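Here are some notes to read alongside the model, written as numbered points. Please keep the sequence open while you go through them.

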Amino acid sequence: QVRVVQSGGGSVQPGGSLRLSCAASGSIGLINDMGWYRQAPGNQRELVARVTSSFVTEYADSVQGRFTISRDNAWNTVSLQMHSLKPEDTAVYYCRVDVPTSQFREFVYWGQGTQVSVSS
């Protein structure tokens, strides 16, 4: 079995900081991309940031310069450090872990979701 467990998040005032962490465990060999997605009420789930197995990163335009994603392949973890938070960052954040099942295919695992609330 594969488990993807998130931690962190919470409530903060605008301009504040929060950190999200995610750990994958179980019958995992390699991991391809790891990332963070978010979904606000009434909206679709959207990409926030992702990082490849070679540590190449990609960010949504809305968080560029404010958020930093990192991964530790030794422990199968991925983190998201969020600075200068805005009310529009309020959402449920989900960890995504892509595990290869063959050379050209992969299976996507999702964390349980963590609430991030930014308000004054």
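1. Thr-77 has its place in strand β8, which covers residues 77-82; strands here are DSSP runs of E with at least two residues, numbered from the N terminus. With a relative accessible area of 24%, Thr-77 is partly exposed, a class that lies between buried (under 20% relative accessible area) and exposed (over 50%), using a 1.4 Å probe and protein chains only.

2. This is a predicted model, in which local features need pLDDT of at least 70 and side-chain atom pairs count only at pLDDT 80 or more, while totals for chains, interfaces and linings use all residues. Residues are numbered from 1 along each chain as its sequence is written, and side-chain values use heavy atoms, with hydrogens and water left out.

3. Although Thr-77 and Ala-23 are 54 residues apart in sequence, their C-alpha atoms are 4.4 Å apart in space. When neighbours within four places in sequence are left aside, the residues in contact with Thr-77 include Cys-22, Ala-23 and Met-34, where contact means heavy atoms within 4.5 Å.

4. Cys-22, one of those contacts of Thr-77, forms a disulfide with Cys-95, the sulfur atoms being 2.1 Å apart; a disulfide is a pair of cysteine sulfur atoms within 2.5 Å, and the count by this rule is one. Cys-22 belongs to strand β3 (residues 18-26) and Cys-95 to strand β9 (residues 91-100), so the pair ties together parts that are 73 residues apart in sequence.

5. Are these two cysteines, Cys-22 and Cys-95, buried or exposed? Cys-22 counts as buried at 2% relative accessibility, and Cys-95 counts as buried at 0%.

Key:
Helices (H or I, at least four residues) and strands (E, at least two) are DSSP runs, numbered from the N terminus.
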